[in-house]
Amino acid sequence: MTTHATRISTDAPRLRAFVGGAWTDSASDAWIDDRNPSDASDVVAYVPEGSADDANRAADAAANAFESWASLTGPARADHLYRWGAAIADRQEELAQAVAR
């Protein structure tokens, strides 16, 4: 087993889950270090471990959202997806840096 010294990161964010259209806290108090794959001593963020309650809350929110999504026409869904794609394209450098870190 390889051990890595953890570099203390004062700027690593504590992330939250986006559930039902809102940022939510986990029911768990446990956190997971999200480490840079090219430098395991670099903690990129702290991610909530999550719990069965968190998973159930997310599944319920997804099931509720599906009803309104399913009621949209094909062109309306396409409009949402194109806007989502444009938002990603607008931040492509920032996203690439985050993924490659």
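Tutor: Let us begin with a definition: a salt bridge is a side-chain nitrogen of Lys or Arg within 4 Å of a carboxyl oxygen of Asp or Glu. The general idea behind the term is that side chains of opposite charge can pair when their charged atoms come close. Please keep in mind that what you see is a predicted model.

Student: How many salt bridges does the structure hold?

Tutor: There are five salt bridges in the structure. One of them joins the side chains of D33 and R35, with 3.1 Å from N to O, and this distance counts because the cut-off is 4 Å.

Student: Are D33 and R35 buried, exposed or partly exposed?

Tutor: For this we need the cut-offs: a residue is buried under 20% relative accessible area, exposed over 50%, and partly exposed in between. D33 has a relative accessible area of 32% and is therefore partly exposed, and R35, with a relative accessible area of 29%, is partly exposed as well.

Student: Which residue forms a salt bridge with D54, and how are the two placed in their helix?

Tutor: The partner of D54 is R57, and the closest N and O atoms of this salt bridge are 3.2 Å apart. D54 and R57 are three residues apart in helix α1, so they are separated by about one helical turn. As for their cover, D54 is buried because its relative accessible area is 11%, whereas R57 is partly exposed, with a relative accessible area of 34%.

Student: What can be said of the salt bridge that R83 forms?

Tutor: R83 is bridged to D79, and here the closest N and O atoms are 3.2 Å apart. Both residues belong to helix α2, where they lie four residues apart, about one turn of the helix. R83 counts as partly exposed because its relative accessibility is 48%, and D79 also counts as partly exposed, at 39% relative accessibility.

Student: Is N36 buried or exposed, and which residues does N36 contact?

Tutor: N36, which lies in strand β3, counts as buried because its relative accessibility is 7%. The side chain of N36 makes a polar contact with the side chain of S38, at 2.8 Å. If neighbours within four places in sequence are left aside, N36 is in contact with D42, V44 and R101.

Student: And how many residues of strand β4 are buried?

Tutor: Strand β4, which covers residues 39-48, is mostly covered, since seven of its ten residues are buried. S41, a residue of strand β4, counts as buried because its relative accessibility is 19%, a value under the 20% cut-off. D39 is also found in strand β4, but D39 is partly exposed, with a relative accessible area of 27%. The side chains of D39 and S41 make a polar contact at 2.7 Å.

Student: Lastly, which residues make the nonpolar surface patch?

Tutor: The patch, of about 620 Å², is made by F66, W69, L81, W84, I88 and L95. Helices α1, residues 52-71, and α2, residues 74-90, each supply at least two residues of the patch, and the largest share, three residues, comes from α2. L81, placed in helix α2, is partly exposed because its relative accessible area is 45%.

Terms used:
Residues are numbered from 1 along each chain as its sequence is written. This is a predicted model: local features need pLDDT of at least 70, side-chain atom pairs count only at pLDDT 80 or more; totals for chains, interfaces and linings use all residues. Side-chain values use heavy atoms; hydrogens and water are left out. Patches are made of residues with over 30% relative accessible area and no salt bridge: like charges are joined within 9 Å, nonpolar side chains (Val, Leu, Ile, Met, Phe, Trp, Tyr) within 5 Å. Accessible areas come from the Shrake-Rupley method with a 1.4 Å probe; for residues, only the protein chains shown count as cover. Buried means under 20% relative accessible area, exposed over 50%, partly exposed in between (1.4 Å probe, protein chains only). A polar contact is a pair of N or O atoms within 3.5 Å; within protein, one must be able to donate a hydrogen and the other to accept it, and residues adjacent in sequence count only if both atoms are side-chain atoms. Contact means heavy atoms within 4.5 Å.
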